[in-house]
Amino acid sequence: MDAFDLFRRLGAGARFDLKKFGKDAERFKVVKSKNSEWTDSSSGVPDFFSTNSAVRSGDEHDSDSEPETEGSPPAGKRKRGVEESGKNQTPGIGDSETQESDGILWTSSLDKKAKGPSGKSQNPSWKRLKHLHQEKVVNGIRHKHKIYTHGSDVPDPVTSFEQLQEEYKIHPRIIHNIKEAGFQGPTPIQMQAIPVMLHSREVLACAPTGSGKTVAFCLPILCHLKQPMNKGFRALVLSPTRELASQTHRELVKLSDGVGFRVHMIHKGAEAAKKFGPKSSKKYDILATTPNRLVYLLKQDPPGIDLSNVEWLVVDESDKLFEEGKSGFREQLAAVFMACSSHLVKRAMFSATFAPDVEQWCKLNLDNLVSISIGQRNSAVETVEQQLLFVGTENGKLVAMRDLVKKGFLPPVLVFVQSIQRAKELFHELVYEGINVEVIHAERTQQQRDNVVTSFRAGKIWVLICTALLARGIDFKGVNLVINYDFPTSSVEYIHRIGRTGRAGHRGKAITLFTEEDKPLLRSIANVIKQAGCPVPDYMIGFKKLHSKQKTRLMKRPPRRETIRTTPLYLMKGKGKGKGNTKRKAKRKNNKAEKAENAPSAPAETTGS
């Protein structure tokens, strides 16, 4: 086979610009020349397959008696092609069968058209299979559990702890501890947050109260650290209150049982400085604490704790910790972030409510961020039956409380008030109702607070009166009722309060008392209740919406309320006169004592001291 024959065979079905390349076409015998007669003049279609001179003459010989030559198809095939086409008089054109000559496999252009469009194979490509898997399986799981993600290359969610162990090689003891703790399968936030953190991706997660956020970040921390090492703290979990930090510490100890991790809390600053200072043995792995205690150690000279080896920094209740002012921890949080100086550090933010400033900070400062939301943002959990109860005045609240006691209730019950003083007053009113009631607030010592929480968990206390101290994160098993004695100042605070019940799939109830003074705040709370599917009067939704400045002012300065009392007003006035006189006398004595202390002392006393 010469070069001209090979070119003719390779150019089967090709069309040339004869005006522009006429000489080249004539040179390679693509068109009919004066001295060649191999092309069919009647049809004008060149035969690029046949090389036999007998075939080139068109219909001179019968196709049935034509001998098979090299490069030509079998006679029978040629006859079928010629008879069926009717239009293509030249043999070989229109033949859909494969032709083979000299070890080369030849196929016609019509053969390709018969098989389908070029570039599309019968078997789906790898990218197509991956897309189908993503669309049908992964998106189906996320849609079913209301998991919403934002980010690039988000890892697939897991549907069981066994799948988690197979794909990520988690320590079998940790899986055993999870099942021993009563977890049958991962919750929606655990399905998505655990794989994301196991891929060392930074996370901003928002999930309803009681949805298992603590396990969602504790499990990846234990899996990432793998085993205990004497390098100091390699994981840090920050919480806004000591009660929540203690709860996180307890969960970490429970999940790491039998693995050997050393989990610690900061109880007292002086003891912690000796235990975790630069001269310590660094035989510890995980720390759960509050920002204030940690910053106290960092400000010492030299620092009482080293965070340069921290690989995971988790901020629980991140929207609360990012708040500015006295109630927030933004300045302390900045100091902690600076102390975690390792290039390996990854950060994760978890909360039950969404805060725009936290999301903005995360987008600017976190690398390769994945945002995870479970359900609708800033919505109450659907397992809580919510009710609004109008009581008229402040005295009507106490009447309503006593009415609930008379009708009977199923303890344990949490009662929320807006200030420490009101918590004390309500406690003194309910302590004589014949129920086991206690109060917890910031003015009580740490030992008293720990004892109250322990007794409440054990069922020794039926009703616990508290401020916003316990409104975030605390997990009391089986709280059946939450009473908002004082109206919450924002929808976020309301969501966290009622989130103390209806946890881990259990049913709960929340009753919110309101008066005429609470009318400006009623609309936002009513919208939250309506979104959760609970009935709300239409007139509440129609109230005028508050401006952002008004909302901020009410959050910082809750409305002033009358004292909680049952003594008649005229008796209180009579007693108030006597009390005022005694207070004035006591104040005078204190002033005299202060003046005596501030007066310059004698030289003899100075030398004696």
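Which residues are exposed on the other side of α12? Keep that in mind as we walk through this predicted model, and we will get there at the third stop.

**Stop one: the annotated stretch.** Select residues 163-191. According to an unreviewed UniProt entry, this span carries the domain annotation "DEAD-box RNA helicase Q". The entry, again unreviewed, also labels residues 163-191 with the short sequence motif "Q motif". Colour the span by secondary structure and you will find 66% helix and 0% strand, with the end C-alpha atoms 10 Å apart.

**Stop three: helix α12.** Select residues 269-276 and pick out Gly269, Ala272 and Phe276, which are buried. Look down the axis of α12: its buried residues fall within an arc of 60 degrees, so they line one face of the helix. An α-helix has 3.6 residues a turn, so residues three or four places apart point the same way. To see what this face meets, show β6 (263-264) and α13 (291-298), against which the buried residues of α12 pack.

Finally, turn to the other side of α12 for the reply to our opening question: Ala270, Glu271 and Lys274 are exposed there.

Definitions and conventions:
Residues are numbered from 1 along each chain as its sequence is written. This is a predicted model: local features need pLDDT of at least 70, side-chain atom pairs count only at pLDDT 80 or more; totals for chains, interfaces and linings use all residues. Side-chain values use heavy atoms; hydrogens and water are left out. UniProt positions are given in the numbering used here, feature names are shortened, and annotations may be inferred rather than shown by experiment. Helices (H or I, at least four residues) and strands (E, at least two) are DSSP runs, numbered from the N terminus. Buried means under 20% relative accessible area, exposed over 50%, partly exposed in between (1.4 Å probe, protein chains only). The arc is that of the directions from the helix axis to the C-beta atoms. Contact means heavy atoms within 4.5 Å.
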